[in-house]
Amino acid sequence: MAGGGARGGEGSSGDDSDAEGTGFGGDAISSNGEPGGQELGIASGGTTTTGGSSQGDGEITITYKASSTTSGEPPKAPSSLSVELG
Amino acid sequence: MAQDGDTITYTFSGSKETEDISNIDEIVIDRMDGADGGDDAYDGGSGGLIQNATADVSDYDVLEIWVGEAGEVDSSRTFGRSQGGVGGLGGGQGGGSTELVARNTDTGETKFIAAADAGGGGAPGSALQQ
């Protein structure tokens with residue numbers, strides 16, 4: 001038997017199930033282990049699939065943004081400009 | 001301290017990492033890979049995958065980063081915010097969970113951001129003989 005993958009609760013040891021219900025780590029079944037799932041808390045959007053690391057440890061890449069870059073695109077420059085002289 | 005425009009990749013270190021996000025309002029999870037389950041006679045499952053998700057973290061000042069450990073064939077539990085299960089009778093370990101948590105150190109409030117779950121361990125050859 002094999003160990004279950006983890007998320008939220010610890011993976012089960014020595015049996016084929018994960019610790020708890022859906023959204024948790026993959027079961028270790030009697031052949032290949034199942035893939036892990038995903039969960040979003042306050043995060044939203046993007047895509048969630050299986051197919052994360054298949055040969056190693058986890059990994060996270062994050063881009064940080066301050067309010068100056070989260071309020072949308074900057075105003076565009078005018079395409080033409082005319083000046084009237086008095 | 002994380003700064004506006006920084007893109008940082010966090011890999012497995014064996015312990016929780018923290019990032020000061022006092023100056024940050026939003027994070028983009030460019031890619032979040034869950035750890036692999038341990039192989040034995042059969043392959044461990046691959047981890048979950050999240051790409052291009054965003055989270056408003058303007059109310060928090062610390063980001064907790066948990067990068068899960070891949071399973072092997074071992075008697076110990078794998079590292080993660082939640083540990084993977086130990087393989088019994090030589091089966092592969094489950095991987096440890098990979099998770100992000102935001103924390104406000106003034107109020108003590110924590111908020112779960114996202115998790116890429118770990119794969120389950122692969123079975124030993126003997127399991128198929130039952």
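Modeller: Five strands make up an open sheet with antiparallel pairing, in the order 1(A)-7(B)-6(B)-5(B)-2(B). The edges of this sheet are strand 1 (38-40) of chain A and strand 2 (17-20) of chain B, each of which pairs on one side only. Direction ignored, neighbouring strands here are turned by 20° against each other on average. This is a predicted model, and the description that follows is of that prediction.

Within this sheet, strand 6 of chain B and strand 7 of chain B are joined by six bridges in the antiparallel sense. One position to look at is Ala102(B), which stands opposite Lys111(B) in strand 7 of chain B. Strand 6 of chain B also holds Glu99(B). Glu99(B) counts as buried because it has 29 C-beta neighbours inside 10 Å, and the cut-off for buried is 20 or more. Leaving out residues up to four places away in sequence, Glu99(B) touches Trp66(B), Arg81(B) and Ala115(B). Between the C-alpha atoms of Glu99(B) and Glu109(B), which are 10 residues apart along the chain, the separation is 17 Å.

A further open sheet has five strands in the order 2(A)-4(B)-3(B)-3(A)-1(B), again with antiparallel pairing. Its edge strands are strand 2 (47-50) of chain A and strand 1 (7-11) of chain B, and each pairs on one side only. From one strand to the next, the twist averages 15°.

The pairings of this sheet can be followed in the order of its strands. Strand 2 of chain A runs antiparallel to strand 4 of chain B, and four bridges join them. Here Thr48(A) stands opposite Ile50(B) in strand 4 of chain B. Strand 4 of chain B is in turn paired with strand 3 of chain B, in the antiparallel sense, over seven bridges. In that pair, Glu26(B) has Asp56(B) of strand 4 of chain B as its bridge partner. At the other end of the order, strand 3 of chain A and strand 1 of chain B run antiparallel and are joined by five bridges. The bridge partner of Glu59(A) in strand 1 of chain B is Thr11(B).

Strand 4 of chain B has one backbone detail to check. Asn52(B) lies in this strand, and its phi is near 60°, a positive value in a residue other than glycine. Most residues other than glycine have a negative phi. Asn52(B) is partly exposed because 13 other C-beta atoms lie within 10 Å, whereas exposed would require 12 or fewer.

In soluble globular proteins, nonpolar side chains tend to be buried together. Ile21(B) has contacts in both chains: beyond four places in sequence, it touches Tyr64(A), Ala2(B), Val57(B), Tyr60(B), Asp61(B), Val62(B) and Leu63(B).

Chain A has three strands and one helix, arranged as β-β-β-α along the sequence. Of its 86 residues, 44% are buried. Among contacts in chain A with a separation of 6 or more, 11% are between residues 24 or more positions apart.

Finally, the confidence. The predictor assigns the complex an ipTM of 0.90 and a pTM of 0.79. Chain B has an average pLDDT of 85, with 88% of the residues scoring at least 70. For chain A the average is 68, and 49% of the residues score at least 70. Among the elements of chain A, strand 3 has the highest mean pLDDT (96) and helix 1 (residues 67-70) the lowest (65). In chain A, pLDDT stays under 50 over residues 18-24, for which the model has 25 contacts beyond four places in sequence. In chain B, residues 126-130 also stay under 50, with seven such contacts. Where pLDDT is low, the predicted coordinates should not be read in detail.

How values were computed:
Residues numbered from 1 in each chain as written. Chains lettered and ligands numbered in written order. Predicted model: local features only at pLDDT ≥ 70, side-chain atom pairs only at ≥ 80, totals over all residues. Helix = DSSP H or I, 4+ residues; strand = E, 2+ residues; numbered from the N terminus. Contact = placed C-beta atoms within 7 Å. Pairing = 2+ DSSP bridges. Axes fitted to C-alpha atoms, helices over the stretch in contact; angles between N-to-C directions. pLDDT = per-residue confidence, 0-100.
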